[in-house]
Amino acid sequence: MHWKSIVSNKNLKLAWRRITTGRNLPHKRFFRDIYHVYETALDQNLKTLRQQLIAHAWNPSHPQRIYIPKTSGLQRPISLLGLEDQILLQAVANIFAKKLVRKRNSVELKYVFSNILSKPANSIFFIRPWGETYSKFQERCKALYNEGNKWIAHFDLAAYYDTISHDMLLRIVSPKKNHPETNSEVKKWFEVWSSSSSNSITSHGIPQGPIASNFLAEAFFLPIDLELERMQIKYVRYVDDIRLFGANANEARKASITLEWLCRDRGLIPQGKKYTLSRASSPEEALGSLPSIPPTDENDEPRMMEAQEAVRIIRSCVSGRPLKIVDKSRFRYVMYRAPKSSKVLDKVMRLLPRYPEHIDSFAVYFGNYVKSKRIVEGIFDILQSGMPYAYVRGELWHLLARLGTRNDLEKALKIARQDSRERKKCLGLSWGVMNFLIRCQEVGLCRIGPRLKAELPLSRALLSSRIPQEEFVPRRVIASMLKGTLEEQLSAVR
């Protein structure tokens, strides 16, 4: 990579456009308002950033991490990079995309169906919407089965993003080690972006959350894709979810062994507990459990559907006693589009305590309601029960602050005070419980006192629109924010 290409005004501006048009909602929701402020003086902001880069006076910052529950019961880390860090990460990804587009063309939509680049090459939309490629993933699985490949090995990787080697990643675009100074600088950025503090610096891992990282993860796997293609192995891949097909068990098993060797050579760790080999009896069975699709930007598709249709779809993806979600991607889809409905709400409230991994989609559905005693009571019960996921508790505090009456707020205040003592452990909890306490102060139930001064910088930025008027005076919170991080400064002048 050439330094001038990374820091060119054209590349930085394209990076910015791709960040703001990205469909990675779980990450973008923390920065949406800050993006708007940065945009108001975009040319000057990018000019200042570029001058710092040219002078080698810009330094990366460690991300703030939140942890979102997964179906397994563990958590997925989402890295919230600083605004300028996001721009530089995307600027690097732009160079990767430009250099690898021809190589990747041979495997896209034939073997690989995730994070497909948009066209034309300079499009402000970096990655094509998943809906355009997900159906092709399904079609390819069925086609391979119908060709007589009834044996299927399901192959997954453990902590894929966390195990990506920085050196090996950079060698993909600089195999001859050209521009060593640039590579060294970019590697230092990755080391900071992949660690939460200077005490945890490593030479592997890329931050999950930004769309730039999604493509860099694809780039890291490209040498394996090309080798599997050369060996004519029948497979499909959606990020790190891989299906290997064979006409018999040994053919599928041999393909799995080959893939395992290739992965281990690149420092990737196959996830043994998720590996299965079985004979499918139908094209639908060949699909198996499809990769989970993260929620995308709410503006991607029409927001609402008819209540009757929403109920019908929910009935098709939940079943059993107690109620279980059997098709999580379809369930999330309807949550983002279902209207206010007593029948839908009944299902949601029964599922809410048992599926914390779907808290984002539940929260979007609850946006249909301006008040609901049933939702408030359900949220209080979950908070009181000791829900262990800090991120989920933060989202529930947001909902309670919006939907609760004064009596509801007073009832939950003791629990909120307990959570506020733990808020520094998770930005999501910090944001949510402080929003709730500010609401309590507004109705005369408590005083938040010096808590805002002790908040995490990004949390204060997120709370900027809720900060009490009394803090807009010298030597109070707003004054300190104007001297703080870029994100705090931008949010303070909103």
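Trainee: Which backbone nitrogen lies 3.2 Å from a polar atom of the side chain of serine 165?
Mentor: That of methionine 168. Keep in mind that this is a predicted model.

Trainee: Is serine 165 buried or exposed?
Mentor: Buried. The cut-off is under 20% relative accessible area. Serine 165 counts as buried because its relative accessibility is 15%.

Trainee: What is serine 165 in contact with, leaving aside neighbours within four places in sequence?
Mentor: Ser203, His204 and Phe220. Tryptophan 16 is another matter: its C-alpha atom is separated from that of serine 165 by 26 Å, and the two are 149 residues apart along the chain.

Trainee: New topic. What about helix H5?
Mentor: Helix H5 covers residues 42-54, which makes 13 residues. From first C-alpha to last, H5 reaches 18 Å, close to the 18 Å expected.

Trainee: Which residues of H5 are buried?
Mentor: Leu42, Leu46, Leu49 and Leu53. Seen down the axis of H5, the buried residues fall within an arc of 60°, so they line one face of the helix.

Trainee: And what do they pack against?
Mentor: Several helices. Among them are H1 (3-7), H2 (9-20) and H9 (180-193). Also look just after H5: histidine 56 takes a positive phi there, about 55°.

Trainee: What about H14? Which residues are buried there?
Mentor: In helix H14 (residues 328-335), the buried ones are Ser329, Phe331, Arg332, Val334 and Met335. Their cover includes helix H7 (130-146), strand S7 (318-319) and helix H16 (359-366).

Trainee: How many residues are in the largest nonpolar core?
Mentor: 163. Phe436 is one of those with the most contacts inside that core, and so is Trp397. Phenylalanine 436 and Trp397 are in contact with each other. Other contacts of phenylalanine 436 include Leu400, Leu409 and Ala416.

Trainee: Zoom out for me. How many helices and strands does the protein have?
Mentor: 23 helices and 8 strands. The radius of gyration is 24 Å, close to the 23 Å that the globule rule gives for 494 residues, so the protein is as compact as a globular protein of that length.

Trainee: And what share of the residues count as buried?
Mentor: 54% of the 494.

Definitions and conventions:
Residues are numbered from 1 along each chain as its sequence is written. This is a predicted model: local features need pLDDT of at least 70, side-chain atom pairs count only at pLDDT 80 or more; totals for chains, interfaces and linings use all residues. Side-chain values use heavy atoms; hydrogens and water are left out. Buried means under 20% relative accessible area, exposed over 50%, partly exposed in between (1.4 Å probe, protein chains only). Contact means heavy atoms within 4.5 Å. A polar contact is a pair of N or O atoms within 3.5 Å; within protein, one must be able to donate a hydrogen and the other to accept it, and residues adjacent in sequence count only if both atoms are side-chain atoms. Helices (H or I, at least four residues) and strands (E, at least two) are DSSP runs, numbered from the N terminus. A nonpolar core is a set of buried Ala, Val, Leu, Ile, Met, Phe, Trp, Tyr and Cys residues joined through side-chain atoms within 4.5 Å. The expected span of a helix is 1.5 Å times one less than its number of residues. The arc is that of the directions from the helix axis to the C-beta atoms. The radius of gyration is taken over C-alpha atoms; the globule rule is 2.2 Å times the number of residues to the power 0.38.
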